[in-house]
Amino acid sequence: MLSGWRLTVSKCFLIPQRYVLGLMGFMAVINAYLMRVVLSVAITEMVVPIKIADHSDGDTCPDPAAVLNKNATISSDQYLYAWSEQTQGLVLSSFYWGYVLTHLPGGILAERFGGKYSLGLGILSTALFTLLTPVVVKAGDWQWLIVLRVFVGFGEGTTFPALNALLSKWVPLSERATLGTLVYSGAQMGNVIGNAASGIIIHSTKSWESVFYVFGGIGVVWFAFWVVLCYSEPNTHPFISDDEKKFLEKELKDVWKSRRATPWKAMLTSVPLWALVVAQLGHDWGLFTMVSDLPKYMKSVLKFNVRESGILASLPYLVMWIVSMISGRLCDYLVVNGYMRITFARKFFTTLASLGPGIFILAASYAGCDRTMTVAFFTLGMAFMGFFYCGMKVNALDLSPNFAGTLMAIVNGLGAFSGMVTPYLAGALTEDQTLSQWRLVFWITLGVFLVTNGVFVAFGSGETQWWNSGEKPSDDVENDTKDRYVMKETL
């Protein structure tokens, strides 16, 4: 009777359970970034606007709405805070102080006990802390907001390690770039929705608090669906079909073997792993600069109001998401059909994701006060960053499927140190919000991209490392990996 009920329920799902997991993982990352980006938009309306001197040399842009005061969004009875640019930088960076600390514990727990609750409880706690944000700000000003954002980071730090552990148990090699890109590209869709919706909600409600309640509430609803629909492994899923279960058992037999002790020494002395860490640092430097400061650039430099700046700041991430989805399928196609070996593919797409953003983001600062050209350059830069997901983001799964959660914890956790630096550095270098000050920020970003990508190209790898299984590699690991790519069966 129980098996008959399970079969009936499984038939209600129109797509395989690994795709259900992929979609729910995609929405998990969207939620994570909604709650990460919300403060970057809201803070532009929480603080008293800075007095920018009139530079006759064109180093600042004129405000077309200054005379009519069209940029005023928050009514006079709302709370406004006299926070300096450096203080705002500290507030925005404080999320990453907690974020880096829970990566490794989150990855280890996800591998040992399963990723379902490591991910779910992390998103739930992030949502609850987001709901508390307006109360904490009004009660204790920016010092208490920093403490709260550290706790938000604690909750969200488990997200990517848990997702990597889940994907390693659910996604066959032939779908790795496609499904991995889908899940991780939720970051860009989160940025799209977060920026656009934040601006619209704040502008409509005339209240910066409202957006925290909306996004926090969405996170709680997602958790309820996650608990019911998703499970850590195919073997424990009550609704999976027998065909899909047999398919995954065949494709992922090496991952489903009994657990070994984590090979810490071999892992931490792995040159390809450290090359990946360096590349992640570079990518995060550029991405976190944009996530934290693009809304501020749109409003403080280009003088858009909060609704306009939110919508326009979301456009680059929308294009990045589209590119990431197309490039994931393209990468799988090129590898499966032998046009690229896996290592070359990872390095090629990572290089596109480094040079393109660095060049076009810098070009945006040289576009001056031309709003159309500036937004176009930002959009082109972030479009190139979309190649990152099929490049280095799935590379931890290449190196060691058996320890994917731990690897993602190391790589993403260390990469997040960029987030501790970039918002504060940008705030310290742009006290007057001039074009030349922001240009220096973007020159630094380009330099970081060039150096870190060079390290990955020189020392990175797409080969499964010997310590993944404890056995020394065969003479042609990549050919073996390619063979497993083309073993895909149609359900």
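Predicted model: local features only at pLDDT ≥ 70, side-chain atom pairs only at ≥ 80, totals over all residues.
Student: Let's start with the whole protein. What makes up its secondary structure?

Tutor: The protein has 21 helices and zero strands. Buried residues account for 60% of its 491 residues.

Student: Why is Tyr117 called partly exposed?

Tutor: Its relative accessibility is 45%. Buried means under 20% and exposed means over 50%, with partly exposed in between, so Tyr117 at 45% counts as partly exposed. You will find Tyr117 in helix α5, residues 115-156.

Student: How do you know that Tyr117 touches Val227?

Tutor: Contact means heavy atoms within 4.5 Å. Tyr117 meets that with Gly122 and Val227, once residues up to four places away in sequence are set aside.

Student: Why is His283 called buried?

Tutor: The cut-off for buried is under 20%, and His283 has 5% relative accessibility, so His283 counts as buried. His283 sits in helix α12, residues 271-301. Beyond its neighbours within four places in sequence, His283 is in contact with Met385, Phe388, Met392 and Phe449.

Student: Now the loops. What makes the phi of Lys206 worth a look?

Tutor: Lys206 has a phi near 55°, which is positive, and Lys206 is not a glycine. Most residues other than glycine have a negative phi. Lys206 lies in the loop between α8 (186-205) and α9 (210-229).

Student: Which other residue has a positive phi of about 55° although it is not a glycine?

Tutor: That is Gln433, in the loop between α19 (417-429) and α20 (435-459).

Student: Let's finish with α2. How do you know that its span is close to the expected one?

Tutor: Helix α2 covers residues 17-46 and has 30 residues.

Student: Where is the kink in α2 centred?

Tutor: On Val37, with a kink of about 30°.

Student: What makes α2 "mostly covered"?

Tutor: Of its 30 residues, 27 are buried, and buried means under 20% relative accessible area. That is why α2 is described as mostly covered.

Methods
Residues numbered from 1 in each chain as written. Heavy atoms only, no water. Helix = DSSP H or I, 4+ residues; strand = E, 2+ residues; numbered from the N terminus. Expected span 1.5 Å × (residues − 1). Bend = angle between axes of the 7 residues up to and from the residue. Buried < 20%, exposed > 50% of the residue type's maximum accessible area, 1.4 Å probe, protein only.
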